[in-house]
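Open the model in your viewer and keep the selection tool handy. We will go from stop to stop, and at each one I will say what to select and what is there.

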Amino acid sequence: IVNSLSLCYRNKLILAPMVRVGTLPMRLLALDYGADIVYCEELIDLKMLQCKRVVNEALSTVDFVAPDDRVVFRTCEREQNRVVFQMGGMGAALLSDPDRIEKILSTLVKGTRRPVTCKIRILPSLEDTLNLVKRIERTGIAAIAVHGRKREERPQHPVSCDVIRAIADALSIPVIANGGSHDHIQQYLDIEDFRQATAASSVMVARAAMWNPSIFLKEGLRPLEEVMQKYIRYAVQYDNHYTNTKYCLCQMLREQLESPQGRLLHAAQSSQEICEAFGLGAFYEETTQQLDARRARLLARTPEEAEEPAEDASGVIKMAVRFDRRAYPPQITPKMCLLEWCRREKLAQPVYETVQRPLDRLFCSVVTVAEQKYQSTLWDKSKKLAEQAAAIVCLRSQGLPEGRLGEESPSLHKRKREAPDQDPGSPRAQEPALCGELCKKPFVDLANGEETPLEGR
């Protein structure tokens, strides 16, 4: 098995994992110019386990979204089977703990059918380095990448090609040489020279690719202006955050940051201003209009008129409704009506679970009453509106009044007069706080519905 997995790491050009640079636009650019394999940015660690997987139809991507609605990782079909997910959060400090290295890698190899690779720096002595890599090889990994510098060394220190060569001679799995950008790699032909100098199976390029991703092009480097414009186009098409786009472009410009264009880039505070700095203003307008239209078509799939309640396969009763404040008397809301009904029936107070959709930043809420979940299929622009819509679905499903004009409950008016300064939708208005009690409200994973209690918030 190891031998077959190892084949994909022989004679390859690889974009190295790079903090803040290895995002989707840069990976696609590297693939365009000839890279065989691209590593994602150094962000995939325990945070990945907390993410929800969201198919972003508007961008034609798959997003991994953190509980705070931040996109941790974005991928697309174009890089399928060519992108490597990276476990970060460990770093070179693990070099002093070989037992832990072995345990981590052995667990990964046994737990996945995908090829597992490992990237290390060299140790102070060649003997210790060789002992470590042999131990790593025995875990069954498909390949090992070696950055030919010690843990404390920086790019200005020379890369140790002889140590990488010794490792390559000692192992049967592919060895990927890394660390040659400063001294060895300035153009495509240098990549092969570095591979031969290290006797490695493949070469992993980091900073040279960051400066100009066309380093992977056999025909030679393309003009930087052309490369940067192509990068910007990908960044706009895949909705890359402008701060990351700006950072990557600054890394490409390097010594040209004080040029007129560099100063325009430095002053840019949005993706639109970045595009305008590079003469791509019209492209930005056209592309954003296309993306907005695509989002609108996707949202239009959802019916706007109310439907009869229907229970889906997950047991959630759904209905297409929205909360319209104008249809209710002052200070009366469906949430208040639902809470009042639960109190009369001696049920636990309703629990609202709300998520935000990365596609358009709209909200959807699910309310649980008597172990039954209720949800509106229409997404709202705020968390409060989404919760009110979920309450309406519950009330209508039970045939209960929801407080609309003409059907308000007198008990609600009385309760409101007793506490005029309280927000009717707030937990404090719904239930008196108990001394020392922690507020526990679940957060719902948009992908799989799992709950995580958030205490003390």
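Start by selecting α9 (224-237) and α12 (271-277): each of these helices supplies at least two residues of the lining of the largest cavity. Helices here are DSSP runs of H or I with at least four residues, strands are runs of E with at least two, and both are numbered from the N terminus. A cavity is a set of points on a 1 Å grid, laid over the protein atoms alone, where a 1.4 Å probe fits but cannot get out, and lining residues have an atom within 4 Å of a point.

Please keep in mind that this is a predicted model, in which local features need pLDDT of at least 70 and side-chain atom pairs count only at pLDDT 80 or more, while totals for chains, interfaces and linings use all residues. Residues are numbered from 1 along each chain as its sequence is written, and side-chain values use heavy atoms, with hydrogens and water left out.

Now show the whole lining: Ile232, Ala235, Val236, Asn240, Thr245, Ser271, Ile274 and Cys275. Five of the lining residues are nonpolar, three are polar and none is charged. In this scheme Ala, Val, Leu, Ile, Met, Phe, Trp, Tyr, Cys and Pro are nonpolar, Asp, Glu, Lys and Arg are charged, and the others, Gly among them, are polar. The volume of this cavity is about 40 Å³, counted as the space filled by probe spheres set on the points, with grid points joined across faces, edges and corners. The structure holds one cavity of 30 Å³ or more.

Next, select Asp239, in the loop between α9 and α10 (242-253). Its phi is near 55°, a positive value in a residue other than glycine. Most residues other than glycine have a negative phi. Asp239 is partly exposed, at 44% relative accessibility; buried means under 20% relative accessible area, exposed over 50%, and partly exposed in between (1.4 Å probe, protein chains only).

Then jump to Asn11, in the loop between α1 (2-6) and β1 (13-15). Asn11 also has a positive phi, near 55°, and counts as exposed at 62% relative accessibility.

Which residues of helix α6 (residues 161-170) are buried? Colour Cys161, Val163, Ile164, Ala166, Ile167 and Ala168 to see them. Their cover includes β7 (117-122), α5 (126-137), β8 (143-150), β9 (175-178) and α7 (188-198).

Keep α6 and α7 on screen: their axes come within 7 Å and cross at roughly 65°. The axes are lines fitted to C-alpha atoms, for helices over the stretch in contact, and angles run from 0 to 180 degrees between N-to-C directions. Cys161, Ile164, Arg165 and Ala168 in α6 meet Phe194, Gln196, Ala197 and Thr198 in α7, where contact means heavy atoms within 4.5 Å. The residues of this contact divide into five nonpolar, two polar and one charged.

Is Arg27 buried or exposed? Arg27 is buried, with a relative accessible area of 0%. Leaving aside neighbours within four places in sequence, its contacts include Leu15, Tyr39, Glu41, Phe73, Arg74 and Glu79.

Finally, zoom out to the protein chain, with its 17 helices and 17 strands. Of its 457 residues, 49% count as buried.

Key: 1 Å grid on protein atoms, 1.4 Å probe; cavity = no way out; pocket = protein on both sides within 12 Å on 5 of 7 lines; lining within 4 Å.
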